[in-house]
Amino acid sequence: MIPTSGEGEFHEEIEVFRGSDRHHLRQADEGTPVAEVCRKAGISDATFYNWRKRYGGMTPSGVKRMRQLEDENNRLKKIVANLTLDKAMLQDVLSKKALKPARHRRLVDEVREDWKVSIRRACSCLRIDTSLYH
């Protein structure tokens, strides 16, 4: 039940609704002591109550849909973070005018140093071909 790949809490929670583990929440609702259900499932009481709070009345298809929405939300958050970083880098360099290839290289170096990004990312953000940098 405990995730080994460091995927996070959500993947651990989802496993309750897979295979034979699907019935653990139902068992507790039917009167089986929570401690016994947790022992059989190999989870802590706190985890069980978190699952109950989060998934208490949901169907497996509802859980699957919520997982899809959370995955999409995480993907969109990464996109926003990347675009925000690009915007900040561009605003930082906006006031500097680069006319010569040497100045382009210096701008790339400044962006790399200030923002701790790769050459490729800095060149892409500044719209400079990587062959000009090398």
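**Exercise 1. The fold**

How many helices and how many strands are there in the chain?

*Solution.* Start with the ground rules. This is a predicted model, in which local features need pLDDT of at least 70 and side-chain atom pairs count only at pLDDT 80 or more, while totals for chains, interfaces and linings use all residues. Residues are numbered from 1 along each chain as its sequence is written, and side-chain values use heavy atoms, with hydrogens and water left out.

Helices (H or I, at least four residues) and strands (E, at least two) are DSSP runs, numbered from the N terminus. Now count: the chain has eight helices and zero strands. Along the sequence, the pattern reads α-α-α-α-α-α-α-α.

**Exercise 2. Burial and contacts**

State what share of the chain's 134 residues counts as buried.

*Solution.* Define the term. Buried means under 20% relative accessible area, exposed means over 50%, and partly exposed lies in between (1.4 Å probe, protein chains only). By this rule, 26% of the 134 residues are buried.

Then turn to contacts, meaning heavy atoms within 4.5 Å. Take those between residues at least 6 apart in sequence: 44% of them join residues at least 24 apart.

**Exercise 3. Thr47**

*Solution.* Now check its side chain. A polar contact of 3.0 Å joins it to the side chain of Ser44. Such a contact is a pair of N or O atoms within 3.5 Å; within protein, one must be able to donate a hydrogen and the other to accept it, and residues adjacent in sequence count only if both atoms are side-chain atoms.

**Exercise 4. Helix H6**

Check the length of H6, then find its buried face.

*Solution.* The expected span of a helix is 1.5 Å times one less than its number of residues. H6 (residues 101-115) has 15 residues, so it should span 21 Å; its end C-alpha atoms are 21 Å apart, which agrees.

Now list the buried residues of H6: Arg103, Leu107, Val108 and Val111. They fall within an arc of 145° down the axis, so they line one face of the helix. These residues pack against helix H5 (60-93), helix H7 (119-126) and helix H8 (130-133).

**Exercise 5. The cores**

Which residues touch the most other members of the largest nonpolar core?

*Solution.* A nonpolar core is a set of buried Ala, Val, Leu, Ile, Met, Phe, Trp, Tyr and Cys residues joined through side-chain atoms within 4.5 Å. The largest core has 13 residues; Val108, Val111 and Leu126 touch the most other members. H5, H6 and H7 each supply at least two residues of this core. H7 gives the largest share, five residues. Apart from this core lies another, of 12 residues, among them Val34, Cys38, Phe48 and Tyr55.

**Exercise 6. Positive phi in two loops**

Locate Lys116 and Arg127, and give the phi of each.

*Solution.* Lys116 lies in the loop between H6 and H7. It has a positive phi of about 55° although it is not a glycine. Its relative accessible area is 69%, so Lys116 is exposed.

Arg127 lies in the loop between H7 and H8. Its phi is positive too, near 60°, and Arg127 is a residue other than glycine. At a relative accessible area of 73%, Arg127 is exposed.

Terms used: The arc is that of the directions from the helix axis to the C-beta atoms.
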